[in-house]
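Please keep the structure open beside them as you go.

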Amino acid sequence: VKDVQESGAKGAIFLLYKYCEAHFFDYPDLNRALESKGIPTLLLEVEDPSYSIGQLKIRVQAFVEMLSPF
Amino acid sequence: MTEKELQTNPYRKIKSTGAYRRLMGAYYLMTKHPSWFGKKVAWITSGGPVEPLYVMGVLPFYPENYGAMCGASRMSVALCEAAEHKGYSRDLCSYALSDIGSFFTGKGPLGKLPKPDFLICGNNICGTVIKWYEVQARALRIPVFFFDTPFVHDEIHAHTLKYVQTQMKDYVTFLERQLKRPFSEEKFKKVGLRSFEAIKLWKEILKLSKNHPAPIAAFDAFIHMAPIVTLRGTRWAVWYYRKLRKEIEERVRRRIGAFAREEIRLIWDNIPIWYDIRNLSKILSSQGAVLVADTYTSAWALDQIDVSDPLNDLSKAYATIHLNLGLCYKIKKMIGLMEQYGAHGFIMHSNRS
């Protein structure tokens, strides 16, 4: 939360590797902390090597558009 | 397979099951209403050192057992979904998800669970519990003690043992601080002896299935292991396993098997499928197959026992349980089980818990 606020970022993206439980256990609490401060988040779950790059692009694009003023 | 075919090999019910239910019922009543008994409650992992808790008069509650109960009572799906709704990935361990779901919703086989006073987390059974307990400690705003047991690939090294022993001392200090009273070495010896006694009885019971026919099947062991997990260190566990051993010994004397027909003797590896033990048992027994031993219930049958130096000895025992040992050890143990129990085959149950 501090990092986001100090850097002036408008949102945060969680890029988690499938089955990496250490990060998946932390995600709900981290996400809640950010959202409670009104910081939008996006969760991307990737699998190496079979992730679909097109889908990721669209989701990131949509997230960026959502954060853009116009 | 028709229902009739499935029932051609009747299962013989263990009579001590009644006593087992009363015992576990009393235990769960106490953990659900600790204040009635003036007790504090600690959540602890299944392989965690429980004896120091009993010394300090703290009631242990086992989230993993509870997860298994959720599975056996077929409540897991709804509880896991509740946790998923809170953002927990469905790929996470279902024991953890069931418990987290139960924590959020207040639902489950026992309803709302009592708030623990602190958590004890040992990673000798798996690594998942570290993050799981961290999440719970944060949600409950209570302290958690981590008991770290490095994985033993071949043999336990002297520095590993020392590291674990130091933590056992820290654990005692942690308990003293939490309960604001000193740890009694005297009482610890008593609890340790009772724990070892119960473990010895449990091992003897499991070994009785080396007989042909096997008097107790792994399906029974999955159920009757609950006191060795939750109540080792208490008089209750010793009392119960004495009773159970007597019954099983009587079966051996009269050459009575767990099932009427035993043609194939099999060994089971890993956790059971809690949500459908009954059907698995039926399918196997209809073929005349009996699970005579398993690697799971004996995971609590600690091998090293020397009571002259209980605290240090306990450290070694907890650092070297089955699940914390390397592949070579496991292979040796499995081959040993095959030979000792005269088994025809092995069922390896690989699953995403």
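1. I begin with helix H13 of chain B (residues 277-286), in which the buried residues are Ile277(B), Ser281(B), Lys282(B), Leu284(B), Ser285(B) and Ser286(B); buried means under 20% relative accessible area, exposed means over 50%, and partly exposed lies in between, with a 1.4 Å probe and protein chains only. After H13(B) comes Gly288(B), and the phi of this glycine is positive, near 75 degrees. Helices here are DSSP runs of H or I with at least four residues, strands are runs of E with at least two, and both are numbered from the N terminus.

2. Before going further, please note that this is a predicted model, in which local features need pLDDT of at least 70 and side-chain atom pairs count only at pLDDT 80 or more, while totals for chains, interfaces and linings use all residues. Residues are numbered from 1 along each chain as its sequence is written, chains are lettered from A and ligands numbered from 1 in the order in which they are written, and side-chain values use heavy atoms, with hydrogens and water left out.

3. Chain A has three helices and two strands, which follow the pattern α-β-α-β-α when read along the sequence. Its C-alpha trace spans about 35 × 30 × 15 Å along the principal axes, and of its 70 residues 26% are buried. If we take the contacts in chain A (heavy atoms within 4.5 Å) between residues at least 6 apart in sequence, 60% of them join residues at least 24 apart.

4. Where the two chains meet, helix H2 of chain A (residues 21-36) packs against helix H7 of chain B (residues 128-140) at an angle of about 10 degrees, with the axes 9 Å apart. The axes are lines fitted to C-alpha atoms, for helices over the stretch in contact, and angles run from 0 to 180 degrees between N-to-C directions. H2(A) and H7(B) are therefore roughly parallel, since angles under 35 degrees count as roughly parallel, over 145 as roughly antiparallel, 65 to 115 as roughly perpendicular and the rest as oblique. Among the residues that meet are Phe25(A) and Asp29(A) from H2(A), and Trp132(B) and Arg138(B) from H7(B). The residues of this contact divide into four nonpolar, one polar and six charged, where Ala, Val, Leu, Ile, Met, Phe, Trp, Tyr, Cys and Pro count as nonpolar, Asp, Glu, Lys and Arg as charged, and the others, Gly among them, as polar.

5. A second pair of helices can be set beside this one: in chain B, the axes of H4 (residues 63-72) and H6 (residues 94-105) come within 8 Å and cross at roughly 90 degrees, so H4(B) and H6(B) are roughly perpendicular to each other. Residues of H4(B), including Tyr66(B) and Cys70(B), meet residues of H6(B), including Tyr95(B) and Ser102(B), and the contact has five nonpolar, three polar and two charged residues.

6. Ile58(A), in helix H3 of chain A (residues 53-67), counts as exposed because its relative accessibility is 58%, and its C-alpha lies 27 Å from that of Ala22(A), 36 residues apart in sequence. Ser308(B), in the loop between E6 and helix H14 (310-319) of chain B, is also exposed, at 57% relative accessibility, and although Ser308(B) and Lys189(B) are 119 residues apart in sequence, their C-alpha atoms are 9.1 Å apart in space.
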